[in-house]
Amino acid sequence: MVAGAAAAGETAAMSTVCVTGAGGFIASWLVHRLLSTGRYVVHGAVRDPSDPKHAHLKALGGAGERLRLFAADMLDPAAVAAAVAGCDGVFHVASPVPTSKPADPEREVVAPAVAGTRNVLAACRDAGVRRVVFVSSVAAVAVNPKCPAGIDLDEEWWSDEDFCRTIKGWYFLSKTLAERAALAYAEETGLDVVSVCPSWVLGPLLQSTVNNSSLTLIDYLRGGGDTADDKVKNVVDVRDVADALVLAYEAPAAKGRYICRAYPMSMAEIVDTIRRFHPNHTYPTNFVKVQDERMFTSKKLQALGWKYRTAEETFKDIVESYKAAGILN
Ligand SMILES: NC(=O)c1ccc[n+]([C@@H]2O[C@H](COP(=O)([O-])OP(=O)(O)OC[C@H]3O[C@@H](n4cnc5c(N)ncnc54)[C@H](OP(=O)(O)O)[C@@H]3O)[C@@H](O)[C@H]2O)c1
C-alpha cells in the first residue's frame with residue numbers, strides 16, 4: 001500500500017481512494033479519518049452530491065483540496081466505474097440499511113447489496129485497484145443455529161443463508177450474500193479484498209440524518225416507560241470502526257475477514273453510563289433480562305494493531321452529539 005509503505009523520514013506519496021456511500025454514518029467518519037491523515041485524496045461516491053444531506057462532507061478538514069464527490073448509485077456500473085477510476089484503494093461501505101421495514105426486502109435490501117458489491121468489485125478489477133476493503137457485519141457471522149452457545153464467535157463462523165430466510169432476516173442475508181460474493185470474487189480473480197465485520201456501531205453523528213444503528217439506541221432512550229428489556233450487546237465506536245477500515249487497507253499483512261467489536265455491554269450499563277453525562281432525562285428504572293446477543297472476539301483485528309476507546313469516551317461524545325442535534329433535550 002502506498003500509504004503504509006513509506007520508510008521512516010520519507011514523505012509518503014499521496015494515495016487516491018474511493019469510499020462508497022460516503023455520506024453515511026460509518027463512511028463519513030472514514031472520510032474524515034482519511035482526510036485527516038493528509039495522505040489521501042478521497043473520491044466520495046454518493047447518489048447525489050448536491051443533496052444537502054452531504055453538506056457535512058464538504059465541511060470536513062481538507063475536503064476543499066482532497067475530497068471529490070461523485071454521483072454514483074451502486075447499481076449503475078458506469079457511475080461506479082467513474083468513481084473508482086484512478087484509485088489505489090476502495091472502501092465499499094454502501095449497502096441498504098433501512099431505518100423502517102421495507103415493503104419488498106428481497107428487492108430493496110438483498111438484491112441491491114449483492115448487485116452493488118458486484119459492480120464495485122468489477123470496477124476495482126478493471127481499474128487495477130490494489131486493495132478493496134469491504135464493510136460486512138457480524139450479521140454475516142452469527143445468524144446460524146449451529147453456532148454453539150457460550151463461545152466467542154470468530155471469523156470462521158458464517159451466517160446460514162437458509163436460516164436467514166426462515167427467520168426473514170433480510171438484512172442478515174444481504175450482508176452474508178454480499179460478503180460471500182466479495183470473497184469469492186477475490187478468490188476467482190486475485191483481487192485483494194479484505195472484509196471487516198463490525199458489531200453494533202455507535203458514536204457521535206457527523207451526518208445530519210439518523211442511521212439505523214444510532215436510531216436503535218435513540219428509540220431505546222426515548223422509550224418513555226419505566227420498564228425496558230436488558231440484554232448484553234456488542235458495542236463498537238464508529239471512530240474505532242473507521243480506524244479498523246484504514247488499518248485493514250494499510251496493513252500489508254491484512255487478509256480475509258476481521259470482526260470489529262470492542263466490548264460487551266448490557267443495556268442497563270449503557271443507560272447508567274449515559275445517565276452520568278446526561279442526568280436530566282427520564283430513563284427506565286426496571287430492567288427485564290432477555291436473551292443476550294451472541295458474543296464475538298476481535299483478537300485477529302487486535303493482532304493487526306487495532307485499538308479501541310473506552311465506553312466512557314464513546315457515550316460522553318454520543319451525549320454531546322445527540323444534544324447538539326436536538327435528539328436528547
Ligand atoms: N451501523 C452499524 O451498526 C453497522 C454494523 C455492521 C455493519 N454495518 C455496515 O456498515 C455500512 C454503513 O452502514 P451505516 O451504519 O453507516 O448506515 P448508513 O448511514 O445508512 O449508510 C449506508 C450508506 O449506503 C448508501 N447506499 C445504500 N445503497 C446505495 C446505493 N444503491 N447506491 C449508493 N449508495 C447507497 C446509503 O446512501 P443513501 O442514504 O443515499 O441511501 C448510505 O449512505 C453498511 O454496509 C452496513 O451494513 C453497519
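Predicted model: local features only at pLDDT ≥ 70, side-chain atom pairs only at ≥ 80, totals over all residues.
**Exercise 1. Overall form**

Task: Give the helix and strand counts of the protein, then compare the radius of gyration with that of a compact globule.

Solution: 
- Step 1. Count the elements. The protein has 13 helices and 14 strands.
- Step 2. Take the extents. The C-alpha trace spans about 55 × 45 × 45 Å along its principal axes.
- Step 3. For 329 residues, a compact globule would have a radius of gyration near 20 Å.
- Step 4. Compare. The protein has 19 Å, which agrees with that expectation.

**Exercise 2. Helices α2 and α10**

Task: Classify the packing of α2 (residues 25-37) against α10 (residues 238-250) by angle, and work out the make-up of the contact.

Solution: 
- Step 1. Read the geometry. The two axes come within 9 Å and cross at roughly 60 degrees.
- Step 2. Classify. Roughly parallel needs an angle under 35 degrees, and roughly perpendicular needs 65 to 115.
- Step 3. Assign the hand. α2 passes α10 in a right-handed crossing.
- Step 4. List the contact. α2 brings F25, I26, W29, L30, R33 and L34. α10 answers with V238, R239, V241, A242, D243, L245 and V246.
- Step 5. Sort by class. The contact of α2 with α10 holds 10 nonpolar residues, no polar ones and 3 charged ones.

**Exercise 3. Helices α6 and α8**

Solution: 
- Step 1. Assign the hand. α6 passes α8 in a right-handed crossing.
- Step 2. List the contact. From α6, the residues include P105, V109, A113, T117 and L121. From α8, they include W170, L173, L177, A181 and Y185.
- Step 3. Sort by class. The contact of α6 with α8 has 14 nonpolar, 3 polar and 4 charged residues.

**Exercise 4. Helices α11 and α13**

Task: Find the angle class of α11 (residues 267-277) against α13 (residues 311-324), and name the residues in contact.

Solution: 
- Step 1. Read the geometry. The angle is about 60 degrees, and the axes of α11 and α13 lie 9 Å apart.
- Step 2. Classify. That angle makes α11 oblique to α13.
- Step 3. Assign the hand. The crossing of α11 and α13 is right-handed.
- Step 4. List the contact. T273, I274 and F277 of α11 meet A311, E312, F315, K316 and V319 of α13.
- Step 5. Sort by class. The contact of α11 with α13 has 5 nonpolar residues, 1 polar and 2 charged.

**Exercise 5. The ligand shell**

Task: Which of the 25 residues around the ligand come nearest, and which element supplies the largest share of the shell?

Solution: 
- Step 1. Pick the nearest. G21, G24, F25, S95 and S213 come nearest of the 25.
- Step 2. α2 gives the largest share, 3 residues.
- Step 3. Sort by class. The shell around the ligand divides into 14 nonpolar, 8 polar and 3 charged residues.
- Step 4. Link back. F25 is among the nearest residues to the ligand, and F25 also takes part in the contact of α2 with α10.

Definitions and conventions. Residues numbered from 1 in each chain as written. Axes fitted to C-alpha atoms, helices over the stretch in contact; angles between N-to-C directions. Helix = DSSP H or I, 4+ residues; strand = E, 2+ residues; numbered from the N terminus. Parallel < 35°, antiparallel > 145°, perpendicular 65-115°, else oblique. Left-handed = near helix turned anticlockwise from the far one by under 90°. Contact = placed C-beta atoms within 7 Å. Nonpolar A, V, L, I, M, F, W, Y, C, P; charged D, E, K, R; others polar. Near = placed C-beta within 6 Å. Rg over C-alpha atoms; globule rule 2.2 N^0.38 Å.
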